[in-house]
Every structure is written in C-alpha cells, then in structure tokens.
Amino acid sequence: ANFVDVTFEFGELMLVKSEEELELARFSAAIGEKACQALLDIARPGVRENELVAEVMRVIYGSGASTRMPHLILHTGNENLSWGPPEWFYQAQTPRKMERGDILLSEIFVLYGGVETQQQMCLTIGPVNPVIRECADVARASYEIGLNTIKPGVTFYEVAEAMEKPLIEAGCWHSTPLIHSLSPMTYVGPTNVR
C-alpha cells in the first residue's frame with residue numbers, strides 16, 4: 001500500500017460549504033441566540049451556575065439540537081474566570097451563586113445536523129469594573145474591524161492581524177487568534193489559501 005497525505009486538499013474541500021450546510025449553520029446559530037437570550041433572562045444575584053447551565057441546555061435540547069463536550073463553557077464571579085467548563089462539572093462542590101458585581105463568561109456550542117455553531121457571551125451583574133469596561137470596549141473595536149475586514153479572498157491571517165490592532169494600541173494581549181475558523185490549517189500566515 002502507498003499512503004498519500006491528503007489532509008490539506010481535503011481541508012480545502014471541507015471549508016467550502018454547500019447551501020444545505022449553510023442553512024444548517026443558520027438554524028444552529030439561531031438556537032444558540034435563543035440560548036444566549038435565555039441566559040441573559042435568568043442571570044441575576046442568587047441564581048446558581050447549574051441553573052444557568054440547565055436553562056441553556058433546555059433551550060438547545062428543546063429545539064431538537066445537541067451539544068458536544070464540554071457542552072458549554074461557563075464561569076461566574078471575579079476571581080476564577082478561567083475558560084473551561086464550570087468547576088462543579090469535574091469536582092464535587094456546590095455550584096456557585098451569582099452575586100452583584102459578578103462577571104458571567106460563557107461559550108455555547110450548538111450542534112444541529114452535524115454542523116456546530118458557537119456563541120460567546122459575557123455579561124455583568126451590577127456595577128461594571130472600569131478595567132472590564134475598557135477590555136469590553138477594546139474587544140468590540142476588534143470585533144468591528146473583523147466584520148469590516150472579512151470577505152472572500154481575504155485570508156484568516158489577514159483578518160486576525162487586523163483584529164489585533166486595537167489590542168496592541170491599548171496595551172492588551174490575547175491568548176489565541178481573535179476569530180474562530182473551521183480548521184487550524186487556515187492560520188498559517190500570509191501565504192494561506194484564499
């Protein structure tokens with residue numbers, strides 16, 4: 001047998017979505033938006049993280065969709081805002097209750113018809129810390145630049161590079177590219193496939 005690596009060629013084919021796949025993505029994203037609204041509606045002081053998760057899952061499963069592991073990323077508070085599933089997913093402890101001044105970070109994964117979409121939402125309960133407000137403003141500026149930059153023929157690298165400018169100007173940093181893609185193969189630099 002002679003094995004041939006077709007990873008890149010297959011990746012290029014996979015990146016071009018059919019009309020059916022695009023419709024599935026739109027439907028999945030609409031469910032995710034409903035889940036975000038449900039999270040926004042229920043988040044208030046005294047509500048536990050498990051209640052927040054249950055409401056998001058109710059919307060997703062109730063819409064006939066599913067999720068992949070870790071179902072969703074969700075943290076509340078001001079001290080341990082790591083990016084991952086809530087701590088009570090993997091260790092025995094009482095889910096945290098939201099308090100005034102909390103930040104709620106979430107990333108919701110919706111899987112419908114084999115197509116996954118993601119929504120990220122960050123909200124605060126009560127007064128917003130000025131540093132958090134500044135970070136939110138910088139993130140919004142990066143997002144707007146991304147919307148204005150992304151179009152057919154522009155590489156993932158070019159969009160990610162443009163989105164970094166507000167962060168650099170504000171003296172901020174980030175740990176990953178500021179835009180998701182279907183494949184990490186698309187973040188290879190200026191010579192990337194268009």
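Start by selecting G77 and I103: G77 stands opposite I103 in β2. This is a predicted model, in which local features need pLDDT of at least 70 and side-chain atom pairs count only at pLDDT 80 or more, while totals for chains, interfaces and linings use all residues. Residues are numbered from 1 along each chain as its sequence is written, and side-chain values use heavy atoms, with hydrogens and water left out.

Strand β1 (residues 72–77) and β2 run antiparallel, joined by six bridges; strands count as paired if DSSP finds at least two bridges between them. Helices (H or I, at least four residues) and strands (E, at least two) are DSSP runs, numbered from the N terminus.

How many bridges pair β2 with β3? There are ten, again in the antiparallel sense. For a landmark, pick V110, which stands opposite T117 in β3. Then slide along to the hairpin of β2 and β3: two residues lie between the strands, and G113 takes a positive phi near 60 degrees.

Eight of its ten residues are buried, so β2 is largely enclosed by the rest of the structure. Buried here means under 20% relative accessible area, exposed over 50%, and partly exposed in between (1.4 Å probe, protein chains only). Across the chain, buried residues make up 34% of the 194 residues.

Time for some rings. Phe, Tyr and Trp rings (for Trp, the six-membered one) pair if their centres lie within 6.5 Å; planes under 30 degrees apart are stacked, over 60 edge-to-face, and the rest tilted. By that rule there are two aromatic pairs.

W88 counts as buried at 19% relative accessibility, whereas F89 is partly exposed at 33%.

One more ring to visit: F109. R68 lies over its face, at 4.3 Å from the ring centre. The rule for a charge over a ring is NZ of Lys or CZ of Arg within 6 Å of the ring centre and within 35 degrees of the ring normal.

Now head for helix α1 (residues 7–15), where you'll find M14. M14 is partly exposed, at 32% relative accessibility.

Last stop: R140, in helix α4 (residues 130–149). R140 is partly exposed, at 49% relative accessibility. Draw a C-alpha to C-alpha distance from R140 to M163: 10.0 Å in space, 23 residues apart in sequence.

Zoom out to finish. The chain has five helices and three strands, and from the N terminus on its elements run α-α-α-β-β-β-α-α.
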